[in-house]
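Welcome, and thanks for taking a look. Below is a short tour of a few selected spots, written to be read alongside the coordinates.

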Amino acid sequence: CRVEKKIFLNFYKLCETTDVYCCHGGKVSVTDPYSFSTHLFFSVSPICVCRAFKINELKTEVTNRLAMLEKRVELEGMKVVEIEKCRNDIKKLRQEMASRNNSNFLEDNKKLTPRRDVPSYPKYHLSKETVEALRLPTFDAWQWEPNEMLSCLEHMYHDLGLVKDFSINPITLKRWLLCIHDNYKNNPFHNFRHCFCVTQMMYSMICLCNLQEKFTQVDVLILMTAAVCHDLDHPGFNNTYQINARTELSVRYNDISPLENHHCAVAFQILSQPDCNIFSNFDPEAFKQIRQGTITLILATDMARHGEILDSFKQKVDSFDYADEEHATCLKMVLIKCCDISNEVRPMEVAEPWVDCLLEEYFMQSDREKAEGLPVAPFMDREKVTKPTAQIGFIKFVLIPMFETVMKLFPQIEEAMVQPLRESRDRYEELKQIDDAMNEVGGFLEVCGCIDFVLGADCDQ
């Protein structure tokens with residue numbers, strides 16, 4: 001007699017149930033092979049009944065399989081949590097990298113693309129008064145819009161004879177200046193207006209010191225171009241931060257003047273584009289000379305090298321020889337350093353807003369350093385520094401000694417540059433005395449208030 005038995009299963013897939021029976025050697029036939037409901041009926045051949053329907057073994061097998069599936073579900077759930085956590089970590093890391101490495105110019109091709117709609121900015125007619133003012137250290141750059149400053153820079157290159165002497169295409173000069181403008185960030189201090197001020201001061205020193213009689217036109221071209229490019233793509237955080245935070249720039253340049261090396265790289269990335277290459281008419285050897293000279297001057301603006309460069313110049317100044325290439329290079333390095341930090345040479349109403357801009361940038365850096373657990377320089381800490389304390393030491397121990405050394409070669413700068421520095425030093429020292437007196441009065445009043453409080457309390461008792 002043939003015996004046929006049916007098995008009733010709940011919550012079990014058709015294929016998995018089939019697998020269970022097959023592993024026991026059973027021949028399984030499905031009553032409704034298209035049914036995927038929770039109730040499935042199977043017919044098993046009576047030949048293998050003795051093996052297929054060992055109830056205890058079947059229960060054990062099913063239990064183990066269910067446990068395995070539950071474990072798999074649990075593990076997959078954990079994986080989902082881990083994956084989500086990893087995604088969040090990656091997102092935070094990307095945001096951090098973006099905030100630290102926003103100076104990577106290679107990722108911003110848009111900025112480095114020259115504009116082709118020439119003329120790209122209006123050609124302003126500079127008045128006679130403006131042309132004369134541009135030659136003086138007293139020039140007020142706060143009154144000018146970016147397009148006007150671009151026209152002023154263009155005028156300087158023409159006025160010095162650089163466009164004519166080196167056959168620079170005027171349209172290429174415009175495109176180059178526009179691309180320069182676009183690659184300065186909107187930092188409080190290290191921005192395009194600072195670039196303009198440094199270049200205008202270089203132009204005024206070339207005129208005031210008659211440097212075209214001392215240097216070759218190639219040297220003058222290097223001085224001007226280095227001034228224009230000296231802070232390109234500055235991120236607003238100095239070398240100390242770059243090194244301490246181990247940013248991509250500090251890693252790339254091995255902690256050696258990372259910002260200045262970056263400025264050089266951006267400058268020649270721009271010049272590598274045919275539409276912006278103002279040096280296109282130079283032969284390879286001449287271009288190599290200009291490139292090396294420009295890099296040397298931009299690297300000299302790293303204040304970490306200030307003592308080294310000034311000491312070298314002091315050793316040469318008493319027996320200075322313009323024909324000596326080492327002497328000439330050292331002077332050019334000192335000249336761009338003077339121009340880079342020359343704001344206090346200008347009238348008080350022009351110079352003082354730059355102090356506010358610089359302190360704002362310093363405070364932004366020190367706030368980030370505190371948040372990231374990095375060392376904070378006292379002169380950048382908003383809780384410790386004031387305008388007078390920030391400027392007095394810088395003017396007394398950095399600016400005046402350097403400009404007075406240059407004055408040995410060019411006595412004509414004493415009235416135009418050195419004397420304003422001395423007056424600025426005296427003014428800030430007076431301000432510091434006023435601040436100190438106010439702090440003493442404030443402290444005295446605070447003590448008096450405490451005494452009144454104590455006496456009042458005694459009287460009440």
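Predicted model: local features only at pLDDT ≥ 70, side-chain atom pairs only at ≥ 80, totals over all residues.

Asp-231 is buried, at a relative accessible area of 6%. Leaving aside residues up to four places away in sequence, Asp-231 touches Tyr-184, His-190, His-194, His-263 and Asp-340. In the unreviewed UniProt entry, the annotation "binding site" covers Asp-231.

The loop between helix 10 and helix 11 also holds Asp-233, which is buried with a relative accessible area of 2%. Asp-233 is not a glycine, yet it has a positive phi of about 60°. For background, most residues other than glycine have a negative phi. Asn-210, also not a glycine, has a positive phi of about 50°. Asn-210 is placed in the loop between helix 9 (192-208) and helix 10, and counts as partly exposed at 37% relative accessibility.

Now to the cysteines. How many disulfides does the structure hold? The count is zero.

| Cysteine | Nearest cysteine sulfur | Distance |
|---|---|---|
| Cys-207 | Cys-209 | 9.6 Å |
| Cys-338 | Cys-339 | 6.6 Å |

A disulfide needs a pair of cysteine sulfur atoms within 2.5 Å, so Cys-207, at 9.6 Å from the sulfur of Cys-209, is in no disulfide.

Key
Residues numbered from 1 in each chain as written. Heavy atoms only, no water. UniProt positions renumbered as here; feature names shortened; annotations may be inferred. Buried < 20%, exposed > 50% of the residue type's maximum accessible area, 1.4 Å probe, protein only. Contact = heavy atoms within 4.5 Å. Helix = DSSP H or I, 4+ residues; strand = E, 2+ residues; numbered from the N terminus.
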